[in-house]
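Work through the exercises below with the sequence and the model open. Each task is followed by a solution in steps.

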Number of protein chains: 2
Amino acid sequence: MSAFSRFTPLIRALPSTVPFVGPEAIERQRNLPVKARIGANESGFGPAPSVLAAIRARAGETWKYNDPENHDLKQALAVHLGIRADNIAIGEGIDSLLGLIVRLVIDPGSVVVTSFGAYPTFNFHANGFGCRLATVPYAGDREDLNALLDAVKREDATLVYFANPDNPMGSWWEADDIVAFTRALPETCLMILDEAYCETGPASAMPSMQALIEQPNVIRTRTFSKAYGLAGSRVGYAIGTPGTVQAFDKIRHHFGMNRIGMVAAQAALADQAYLHAVVGKIKKARERIAAIAADNGLLALPSATNFVAIDCGGDGVRARAVVDGLMQHGVFIRMPGVAPLNRCIRISVGPEHDLDLLAEALPQVLKAL
Amino acid sequence: MSAFSRFTPLIRALPSTVPFVGPEAIERQRNLPVKARIGANESGFGPAPSVLAAIRARAGETWKYNDPENHDLKQALAVHLGIRADNIAIGEGIDSLLGLIVRLVIDPGSVVVTSFGAYPTFNFHANGFGCRLATVPYAGDREDLNALLDAVKREDATLVYFANPDNPMGSWWEADDIVAFTRALPETCLMILDEAYCETGPASAMPSMQALIEQPNVIRTRTFSKAYGLAGSRVGYAIGTPGTVQAFDKIRHHFGMNRIGMVAAQAALADQAYLHAVVGKIKKARERIAAIAADNGLLALPSATNFVAIDCGGDGVRARAVVDGLMQHGVFIRMPGVAPLNRCIRISVGPEHDLDLLAEALPQVLKAL
C-alpha cells in the first residue's frame, strides 16, 4: 500500500493501535446490535432535560466558531469551584488534554510513570510522543501511590499519571494521601491527577481545590463526559496554577471546541440538582450491579465511579469469554487490559432496562463457559 | 507567576500567541457588541433547516461517545466524492487535521514551505512542532506555485502548504496547474492541498478526485465549516491514499469527534439542494460586497471563496484603521497579517442585514480616516 515516504522515525515506529474499540465497531464486526450500552462509562441516564433544551434552543448557533478563549465556561467553572478563571484550561475532553500535557513536557526518551493497566489513552499519547513508559503494578486493585512516588524518583520522571477514582478498577484513595503525594513529588515531575469520576466518589476522596491550587506541578483533569452525561459533547477541563495552565495556549486548538457542546456543558454545570439526582441513580445502579454479580457467585469490587469491576474468579481468558458472551446477548461491557486486573470485567452503570438485560444474560453466559 | 519547571525546550521557546482573536474576545476587550459577524469566514446563512432538525432530533444521543471509526460519515463522503472510505480521515475541523499532519512529518528543524501571509493556523502548528518555516511571497495576490516548488526543492522541504482557493486573498489556480504542481513535487515532500473553500470556487479550479487520489504525497483537506455553515460543529476531513491517511490512526484522538457535530455533518452532506442554494447566496453576497467597495472608491479582488478581499489603497496601518473603525459600528471583519496583503481588508459574506450594516458604516469609517 502506497504511503508517504517521509513520516518521522517516531511515527513510523508507532503501531496503528486504538486505545478502545467502540461499540459501533463491535456491532459492525460481529453483526450484533448493542441493546445495553454499558461498556464505555458513559451515562445512560443522559444529560439533564435542561441541557437538551439548551442544545435544541441554541442549535442554530452552530454556524459560529466557539469563543477561542472559552470565557463563559471558565467563568462559570471558576465560580463553581471557588478558583480563578486563569486556573482553568478547557479542552476537547480529558483525552485531548492528556495529549496536550504529554506534548508540553515529553521529549523522546523522557520517562513517564503510570500504573500497569491504568487508562490506556494516556499511554497512547505518551507513546505517541516517544516517551519511555515506566509502569508500577496495582496493589490490592488500587494504584500504588508509594510505588509511583518511588518510581518517579528512581527514574527522574517528567510526568506521572494518577487517576482518582481509578479507571478501570473503580478504586480510590483518600484526599489526605493524595495531597501528601503531591507534597513529596519532585518539582521536576508534573502530576496528572485525573478526576474524571470525581462527582461519583466519596467526598473524602477529593482534595479541596485550595489544597492543590498553588502547586505548579499538579494538573487536575475533569470532564462533562461521565456524571454530567455529555461524553459525545467533548468538553473537559484542566485545573492548575495560571503559569502551568497558560502553557496550553501555546499549542492547543484555539478554535477546537464545539460550540453546541459548550452550550451543553454550561447548561449541565448550571443544573446541579440534576447532577445530584443522577449521582443518586449511579449509586443505586452500582448496588444493583453488585447484587447481580453476587447472584451469580461473583464478587463486585467497591467502586467510587460510574462503573463496577467484577472479579470473575479466573484469568483474562475467562473474563474475555464473559465479555464476548454478554455481547452475544447485546450487552456491551469492557474489561481491564492486563493481568492481574483482567480477571475482572467492567460494567458501566445504566438505566434499569440495561441492567435487566445484564441480569438476564449473565447467568446464561456463565453457564455456557 | 509560578509555572511547572520542566516544559520541553521547544515549548519554552514558543510564544503564547493565538492565530486569531475571536469576535467574542473583541467584544469583551472593546466593550462593543458585534452586530454583523462577517470576519471569520463563517456562514451567516447558517446550516440547512434539515441539519438543525437533525441536531434537535438527535440531541439526546450526546451521552454517547461518537463512533471512533467515523464509519457512517466516511461512507457517505466516499459515495459523494466517488472514492473509497479508506481514502478518508475525519478530524475536528481542518485546523486539527493540520496539526496532525505536521506532527506526522515534522521533526525539529524540518523545513516547511508556505506562502508569506497564508493561513496562520498552519504556521501555528508548524512552529509548534519546531519546524523551520520557509516562506514564499504571493505573486499578484495569488500563492506562487512555481516559487513554492522551487523553495521545496531548494530547501528539501518535508511539507508544503497550499490553499486553493486561497485564504486570506480569495484567489485561486486552475486545476491543471495544481495537478502539474503535484506531479513535479518530490516524493519526499508532502503537500497539504487545503480546499476549505472548494464548494464556492469555479469548478475549473478543483482537480478531480481521480487526478490526485493515487499520490501518496498529497493530502487534500476539506471542511463542513464554510459553505455547509457548520464552523461550530468542528468536522473536517482529509483525502489521500489509504497508506497516507491511515497514519492519522497512530496519533489522532479516536474518540475526539463530537457526536452531534457528526450528525450535523451527515445531514448537511445529504442536503445538496441547500448547499446549492447557499452557494448561490454566497456568490450574490460577494457581488454585493464588491459593489459596496466600489461605491466607496475601493477595489474588491476577485474571490472564489465565501469572503472578499478589498484593497484599501494604502498600507497595513490604513487597513487596520478600517477594520477597527468598522468594529466601532459593530461590524466585525478581519484583514491579512503581513505586507503587501495587509493593504486589504477581508470581509466574509453574510445575509442582507449584515451587508446593510457594512454599507452604512464603511463610508463613515473612510471619511473619518
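**Exercise 1: the domain interface**

A:Asp141 and A:Arg343 form a salt bridge, with their closest N and O atoms 2.6 Å apart; the term stands for a side-chain nitrogen of Lys or Arg within 4 Å of a carboxyl oxygen of Asp or Glu. The model is predicted: local features need pLDDT of at least 70, side-chain atom pairs count only at pLDDT 80 or more, and totals for chains, interfaces and linings use all residues. Residues are numbered from 1 along each chain as its sequence is written, chains are lettered from A and ligands numbered from 1 in the order in which they are written, and side-chain values use heavy atoms, with hydrogens and water left out.

Task: describe the interface of domain 1 of chain A and domain 2 of chain A.

Solution. 
- Step 1. Find the contacts (heavy atoms within 4.5 Å). In chain A, 28 residues of domain 1 touch 26 residues of domain 2.
- Step 2. Take the buried area, which is the accessible area (1.4 Å probe) that two parts lose on being put together, summed over both. For these two domains of chain A the value is about 2100 Å², with 68% of it on carbon and sulfur atoms. On the side of domain 1, A:Leu275, A:Ala304 and A:Leu341 lose the most area, together 26% of what that side buries.
- Step 3. Apply the salt-bridge rule: one is found across this interface.
- Step 4. Assign elements, using DSSP runs numbered from the N terminus (helices: H or I, at least four residues; strands: E, at least two). H12(A) supplies seven residues, the largest share of the domain 1 side that touches domain 2 of chain A.

**Exercise 2: one residue**

Task: is A:Ala180 buried, partly exposed or exposed?

Solution. 
- Step 1. Locate the residue: A:Ala180 lies in helix H8 (residues 175-184) of chain A.
- Step 2. Classify by relative accessible area: buried is under 20%, exposed over 50%, partly exposed in between (1.4 Å probe, protein chains only). A:Ala180 has 45% and is partly exposed.

**Exercise 3: the two copies**

Solution. 
- Step 1. Superpose by least squares on the C-alpha atoms of residues with pLDDT of at least 70 in both copies. A turn of 180° and a shift of 0.0 Å along the axis give an RMSD of 0.0 Å.
- Step 2. The copies are therefore related as by a two-fold rotation axis.
- Step 3. In chain B, the C-alpha nearest the axis belongs to B:Arg56, at 2.5 Å.
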